[in-house]
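Have a look at the fold before reading on.

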Amino acid sequence: MHSAILQPVVVLIGWTLVMLLWMLVTRLPAMSASGIDLAKLRGTKPADADMGLPAKIQWKAHNYNHLHEQPVLFYAVCLVIAFTGTGDGVNVWIAWAYVALRIAHSLWQALVNKVSVRFALFLLASLCLVALTLHAAMAVFGAF
């Protein structure tokens with residue numbers, strides 16, 4: 001028997017892999033068109049690509065990096081919730097809301113990238129993460 005909260009975890013991991021693929025299929029041709037030879041690159045930083053590639057291409061790479069930042073906390077808190085047997089009900093709905101908001105954030109950043117909307121999506125997702133963390137703390141410290 002598995003905890004239902006693991007489903008949104010798997011979906012967000014899958015979405016991260018979709019963003020990886022999207023980044024690769026747009027970035028590699030852009031690098032080639034810009035005259036960047038992967039075989040000759042040594043010790044570059046992500047900011048170097050920002051100077052050499054179009055911003056719209058880099059937006060996907062930036063989002064892929066973002067999916068390795070805050071969502072790491074989401075994965076951890078969902079595992080805590082699953083291990084404590086509280087990975088159903090309201091926690092699952094909050095987790096799905098977090099995943100939906102992160103996917104919306106990804107699409108917005110990759111396609112439009114207006115920061116005010118992107119920030120609102122990030123803030124709403126962060127509130128979901130706060131709620132999940134509070135629920136995990138309640139479960140771990142015996143308040144459930």
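This is a predicted model: local features need pLDDT of at least 70, side-chain atom pairs count only at pLDDT 80 or more; totals for chains, interfaces and linings use all residues.

Residues are numbered from 1 along each chain as its sequence is written, and side-chain values use heavy atoms, leaving out hydrogens and water.

The residues of α4 under that cover are Gln70, Pro71, Phe74, Tyr75, Val77, Cys78, Ile81 and Ala82. Buried here is under 20% relative accessible area, exposed is over 50%, and partly exposed lies in between (1.4 Å probe, protein chains only). In an α-helix there are 3.6 residues a turn, so residues three or four places apart point the same way. Helix α4 itself takes in residues 70–83, 14 residues in total, and reaches 21 Å from first C-alpha to last, close to the 20 Å expected at 1.5 Å a residue; that expectation is 1.5 Å times one less than the number of residues. Just past α4 comes Gly85, with a positive phi of about 75°.

Zooming out, the protein has six helices and zero strands. Helices (H or I, at least four residues) and strands (E, at least two) are DSSP runs, numbered from the N terminus. The C-alpha trace spans about 60 × 30 × 20 Å along its principal axes, and 39% of the 144 residues count as buried. Among contacts with a separation of 6 or more, 79% come from residues 24 or more positions apart.

Asn113 has a positive phi of about 65° although it is not a glycine.

Now the cysteines. How many disulfides are there? The count comes to zero, taking a disulfide as a pair of cysteine sulfur atoms within 2.5 Å. The sulfur of Cys78 has its closest cysteine sulfur in Cys128, and that is 11 Å away, so it's too far for a bond.

| Residue | Relative accessible area |
|---|---|
| Cys78 | 0% |
| Cys128 | 13% |
| Asn113 | 14% |

Technical notes:
Contact means heavy atoms within 4.5 Å.
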